[in-house]
Amino acid sequence: MPSALHFRTIADLAAALDAKQLTSVELTQAVIARTQAVEPRIHAFNSFDASDALAQAAASDARRAAGQARGALDGIPIGLKDVIAVTGQPLTASSKMLQNFVSPYDATVTTKLKQAGAVLWGRLNCDEFAMGSSTENSAFGPTGNPWDTTRVPGGSSGGSSAALAAGEAIATLGSDTGGSIRQPAALCGVVGLKPSYGLVSRYGLIAFASSLDQIGPFARTVEDAAIVLGAIAGHDERDSTSFKTEIPDYRAALTTHRGPWKLGIPKEYFADGLDPEIAASVEQAIAFYKAQGCEIREVSLPHTAYCLDTYYVIATAEASSNLGRYDGIRYGHRSTAAKDAVDLYAQSRAEGFGPEVKRRIILGTYVLSSGYYDAYYLRAQKVRTLIRQDFLHAFRDVDALLTPTSPVPAFKLGEKADPLSLYLCDIYTIGVNLAGLPAISVPCGFTKSGLPIGAQLIGQPFQESNLLAIAHAYEQAHEWSGKYPAL
Amino acid sequence: MKLCDPSVPSVTTTLATSSPKSVYEAVIGLEVHVQIKTQSKMFTRVAAGYGHEPNTLTDPVVLALPGALPVMNKAALDAIIKAGLLLGCEIAPVCKWDRKNYFYPDSPKNYQISQYDQPICVGGAVEIELPGSARNVMGEHKKIPLTRIHLEEDVGKLNHGATDSLVDYNRAGTPLMEIVSDPAMHSAEEAYAYLSSIRATMIYGGISDCDMEKGQLRCDANISIRPVGATHLGTKVELKNLNSISFVRDGIDHEIKRQIAVVERGGTLVQETRDYDGQTGTSQSLRSKEMAHDYRYFPDPDLMPVKVDAEWKARLQAECPELPFAKQRRFVERYQLPYSLTSVLVWDRALADYFEEAATLAGPGKAQAVGNWIVNDLLRELAAAHLTLATSKIRPAHIAALVQLVDAGTVLTHAAKEIFIEMAATGDLPDVIADRKGLKAAPTDPNELETWCRDSIATGAKAVAEFKSGKDSAINALKGPVMKAAKGKANPKLVDETLRRLLAAM
């Protein structure tokens, strides 16, 4: 157990808070101090408000002193990706378009974290409108990977993964549309969970691709991820796509759900393009489960090759429509150069959006256009169904799938200038979103050069308890989560 | 382009032009937007309403703030299903939502949630009545087939100033039905009748108040012309902003004439959207077909499809009221009412219900008298006093009681009119008023009455002769002297009976 407060786990800190060995104000001060110390090198935050965080911490301490603590998250500083609305705080999506936008309302996850007593801490950097895999698409500058600040933290939730890895928060929330939680978690050596589509409300999450987006936690341990998931999951009447299901005690499930499990290894996920060191680490994880008595089966997801294409049709189509609202009329960036109403749209959007966002809006507009809809969007939806069926077919035989999270470890800032090469970073994570499944990335080693490696476990729909328990079993036997970057 | 041989006689009677060149037939389809009367907006809990301070009926969903999501208002779905049932549409088993993408400042999301390829209501028809030969003669009835009815959300409102425009989003997100007819109408009169019928149906069903001034009912028309007898459709022009029911008639009339004039001049019609200005009675082109939007419809991923099961439909079917034309037919059959009464009574559901209550209370054979009192006296009284049926002191029981008093001969017609005015003022029952004001016919001594009648017959030889020769109304001339002798208070029924008995015995 590290002595530095800012590197400790929720489970550990909650116990210390309950035992009156620590106050939330002390913890929050430690996190603020750490943030101020490392932030010039990391740039995980778009903004933070230390006095607001300390006020929340003081309120938490008052509750605890009055015997009214609200559970494990009460008083724990949690950072939010800058696509999740918090009343009175900036909500920028790392875009010039929303540079000065302050949210007048709370996302449902924000409300739930407030109800759990968490100290909402800062606005975390990301790729603009969550579009990217390196956080280099932020209008406010890239985020550095705490393990090597010349490298990317992954994306799009790179601020969330980097802040956690660097000790600038005790847990964070991100959003995952094609891997945007799991990939940065893998690249920064933390746990990242994408819940089943519909488990966590999307109300108040800036939409990138509505049918794929899910909010999920970044945490130091699987147990911490289970704690945060328990706080944010659940049906929300403000989100029609949120699923009506009982939320189990995910934390308790870590010990009540026991193996041995049947794990599937999708052969398509170990093909060309996979870094050999990552392949070796994941092979060792497979060997671990086998040694624990788990049955390991090779499975096939035959439509894997179509995932990326399918994703970039559906995600961009939805995005082109979702981003229509950023027009400079009601809020957001408004061009002063416009001549008339139509020009106001054109100029405001030309000035407000970055190149990757524009690229995706153009692509999405194209695939929805009259005469192209059937060939692209409709066909992609059909392939999406086939991709989901691949997974459900595999799940007839296995409890979960084990794969690498990312084909490559953290790469250098600016290394992948070609958008297509960047899109390939998500080849192991995208299928999960298309199928609406839960998946978790857990640290599973380091490259020889000291960069973290993540393994991905993919679970059955709404079987997060099982998924977390499987990940927890691996984590308990490995020390990866005890390593911290030397900053 | 020579369109027709002038030697072929015109067979059309529906064309709204009296020009001798009426060899063209107009083909009209209407797209009618009806705002649904719901407490809250279509996809959020904010209240729906009219006449509030600008931008007060808003929230993150209405303003399309980052991260806001729509949630379906089930009351709006109830309303459109009910509308579909009232108009005989097939109700789709699944209701799904699509996004219609276009940029305009009144559209907060820059897409409108609508229904594209799977509307909730398919088919159906609107029954219309065309003007009769006279006001009291029923006109021709027709059924205008519907293509579809779908549900969508309304947009905000732009208020243009001299140098800028302001947007009010109060209306944005109000549930809106679009009722699309087949291109099956052929005159402005039919379109007018169609719109009137839809309005009555929606008001009857409690679906909308259809106040055109408040934008609760809006109409666009697709108009083309073709030579009479042709079956193809001509080049269509969409006419927008027909924002009063008389503008609909005038605008369509104007457009038909404009199209005929273009063709007659040897010109070619272009497919376009035109804006009708009801004040000046002119129209101007808004955009041509080439400028048409590509709306990039796709299923809205934020909303789940809704299943409409038999139970749901049955519940709404049970709430469906009888529609005006059906009511009219029933009133004719059950109460033997003339068209002059039914054509007034059935268009206001409350008035029709009022009539039926009064007619039932009055008893068999008195419905027409009840109808006459309501149509001739009550409506005038309400208009004069700026009252409504609900606020009037005259209840159906008053009308029924008054009719019974007159029918029994207890009060005379001129006394009844006085009683009616007093009822309106006081709300007292007619019997009470008649007693208080001494308006009842006097209880007549049968012997005395017989004497007066014999005197009248004795002095009215001419009337007696006419009556005997078959002119029944001649008896009225004999009643005058009797009434005079009775100082106006004899029971007219008794007078009539006595005179007839005596005349028969002669």
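Which residue forms a salt bridge with B:Lys96, and how far apart are the closest N and O atoms? In this predicted model, the partner of B:Lys96 is B:Asp117, with the closest N and O atoms 2.8 Å apart. B:Lys96 sits in the loop between strand 3 (94-95) and strand 4 of chain B, while B:Asp117 sits in the loop between strand 5 and strand 6 (121-122) of chain B, so the pair ties together parts that are 21 residues apart in sequence. B:Lys96 also counts as buried, because its relative accessibility is 14% and the cut-off for burial is under 20%. The points below take up the contact between the chains, the salt bridges, and selected elements of each chain.

**Contact between chain A and chain B**

- The contact draws on 37 residues from chain A and 33 residues from chain B.
- About 2,800 Å² is buried between chain A and chain B, and carbon and sulfur atoms give 55% of that area.
- Of the area that chain A buries against chain B, 22% is supplied by A:Ser240, A:Arg325 and A:Arg330, which is more than any other three residues supply.
- Two salt bridges are counted between chain A and chain B; B:Asp302 forms a salt bridge with A:Arg202, in which the closest N and O atoms are 3.0 Å apart.
- Helix 10 (residues 307-322) of chain A lies across strand 4, strand 5 and strand 16 of chain B, and runs at about 60 degrees to strand 4 of chain B.

- Three strands of chain B form an open sheet in the order 5-4-16, and their pairing is antiparallel.
- Strand 5 (111-114) and strand 16 (298-299) of chain B are the edge strands, each of which pairs on one side only.
- Strand 4 (residues 98-101) of chain B pairs with strand 16 of chain B in the antiparallel sense over two bridges, and B:Phe298 in strand 16 is the bridge partner of B:Arg99.

**Salt bridges within the chains**

- Over all chains, a search of the whole structure finds 59 salt bridges.
- B:Arg274 and B:Glu255 meet through their side chains in a salt bridge with an N to O distance of 4.0 Å; this pair links distant parts of the chain, with B:Arg274 in strand 14 (residues 272-277) and B:Glu255 in helix 3 (residues 245-264) of chain B, 19 residues apart.
- Both members of that pair, B:Arg274 and B:Glu255, are buried.
- In chain A, A:Lys339 forms a salt bridge with A:Asp343, the closest N and O atoms being 3.5 Å apart; A:Lys339 is exposed, with a relative accessible area of 70%, whereas A:Asp343 counts as buried at 13% relative accessibility.
- A network of salt bridges links B:Glu322, B:Lys327, B:Arg330, B:Arg334, B:Asp353 and B:Glu356.

**Helix 2 of chain A**

- Helix 2 (residues 24-42) of chain A has a kink of about 35 degrees at A:Gln36, shortly before the proline A:Pro40.
- Buried residues of helix 2 of chain A include A:Leu27, A:Val31, A:Ile32, A:Val38 and A:Ile42, and among them are also A:Arg34 and A:Glu39.
- The cover over the buried residues of helix 2 includes helix 1 (10-18), helix 3 (50-65) and helix 5 (158-165) of chain A, together with strand 1 (45-47), strand 2 (77-81) and strand 3 (119-124) of chain A.
- Just after helix 2 of chain A, A:His43 takes a positive phi of about 50 degrees.

**Strand 11 of chain A**

- Eight of the eight residues of strand 11 (residues 452-459) of chain A are buried, so the strand is largely enclosed by the rest of the structure.
- In a regular strand the side chains alternate between the two faces of the sheet.
- From strand 11 of chain A, A:Pro452, A:Gly454, A:Gln456 and A:Ile458 point one way, A:Ile453, A:Ala455, A:Leu457 and A:Gly459 point the other way, and all are buried.
- Strand 9 (residues 400-404) of chain A pairs with strand 11 in the antiparallel sense over five bridges, and A:Leu401 stands opposite A:Ile458 in strand 11.
- Strand 10 (residues 439-446) of chain A pairs with strand 11 in the antiparallel sense over six bridges, where A:Phe446 has A:Pro452 as its bridge partner.
- The hairpin of strand 10 and strand 11 of chain A has five residues between the strands, and in this hairpin A:Gly450 takes a positive phi near 90 degrees.

**A buried loop residue in chain A**

- A:Thr304 lies in the loop between strand 8 (295-299) and helix 10 of chain A, and A:Thr304 is buried, with a relative accessible area of 15%.
- Not counting residues up to four places away in sequence, A:Thr304 touches A:Glu268, A:Tyr269 and A:Asp390.

Notes:
Residues are numbered from 1 along each chain as its sequence is written. Chains are lettered from A and ligands numbered from 1 in the order in which they are written. This is a predicted model: local features need pLDDT of at least 70, side-chain atom pairs count only at pLDDT 80 or more; totals for chains, interfaces and linings use all residues. Side-chain values use heavy atoms; hydrogens and water are left out. Two strands pair if DSSP finds at least two bridges between them. Helices (H or I, at least four residues) and strands (E, at least two) are DSSP runs, numbered from the N terminus. Contact means heavy atoms within 4.5 Å. Axes are lines fitted to C-alpha atoms, for helices over the stretch in contact, and angles run from 0 to 180 degrees between N-to-C directions. The bend at a residue is the angle between axes fitted to the seven residues ending there and the seven starting there. Buried means under 20% relative accessible area, exposed over 50%, partly exposed in between (1.4 Å probe, protein chains only). Buried area is the accessible area (1.4 Å probe) that two parts lose on being put together, summed over both.
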